[in-house]
Amino acid sequence: MANHDPISDMLTRIRNASEKRHETTKIPASRMTRSIAKVLQQEGFISEITEQGEGVRTELVLALKYSGKHRLPTIRSMQRVSKPGLRIYKNTRGLPKVLGGLGVAIISTSKGVMSDRDARREGVGGEVLCYVY
């Protein structure tokens, strides 16, 4: 079955796996999902990214991070902002700060997918894909 919003699908898979305390989760691979996974890894929300399969069946395997004795998920919330029916674009000055800078907004810019901090540093705006905290 065709997936019309692969970013929402990715966020939902990660959210569900972390709620159930799974060690890893599998996501269909694409350039966009790889880029978002790299940003999540750079920001410390996931520990490792590996690829499985070949060709069209390639999947990303994300190793999720937990903290503390009770294994609390590092990712507390993931929200999709820009949806296929309503795209949200922000310029450099309008980029959101998630939880006053404690969270991360993932932005798709002309220079690639990056966090809101990196986009401010580069001086570029773009489509606000999601909030992670």
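The largest nonpolar core comprises 24 residues, and I14, I36, L40, L62, I106 and V132 are those with the most contacts inside it. A nonpolar core is here a set of buried Ala, Val, Leu, Ile, Met, Phe, Trp, Tyr and Cys residues joined through side-chain atoms within 4.5 Å, where buried means under 20% relative accessible area, exposed over 50%, and partly exposed in between, with a 1.4 Å probe and protein chains only. At least two residues of this core come from each of α1 (6–19), α2 (31–42), β3 (59–64), β8 and β10 (126–132), and the largest share, five residues, is supplied by α1. Helices (H or I, at least four residues) and strands (E, at least two) are DSSP runs, numbered from the N terminus. In soluble globular proteins, nonpolar side chains tend to be buried together.

The model is predicted, so that local features need pLDDT of at least 70 and side-chain atom pairs count only at pLDDT 80 or more, whereas totals for chains, interfaces and linings use all residues. Residues are numbered from 1 along each chain as its sequence is written, and side-chain values use heavy atoms, with hydrogens and water left out.

Leaving aside residues up to four places away in sequence, V132 touches L40, F45, I75, S77, M78, V98, G103, V104 and I106, contact meaning heavy atoms within 4.5 Å. A second, separate core has nine residues, among them V81, I107, A119 and V128.

R80 belongs to strand β6 (residues 78–80) and is buried, because its relative accessible area is 13%. With residues up to four places away in sequence not counted, R80 touches D5, I7, S8, L11, R87, L129 and C130. Its side chain also makes polar contacts with two backbone oxygens, listed below; a polar contact is a pair of N or O atoms within 3.5 Å, of which, within protein, one must be able to donate a hydrogen and the other to accept it, while residues adjacent in sequence count only if both atoms are side-chain atoms.

| Side chain | Backbone oxygen | Distance |
|---|---|---|
| R80 | S82 | 2.4 Å |
| R80 | L129 | 3.3 Å |

Two loop residues have a positive phi without being glycine. R71, in the loop between β4 (66–67) and β5 (72–73), has a phi of about 55° and counts as partly exposed because its relative accessibility is 32%. L99, in the loop between β7 (89–90) and β8 (104–109), has a phi near 50° and counts as exposed because its relative accessibility is 52%.
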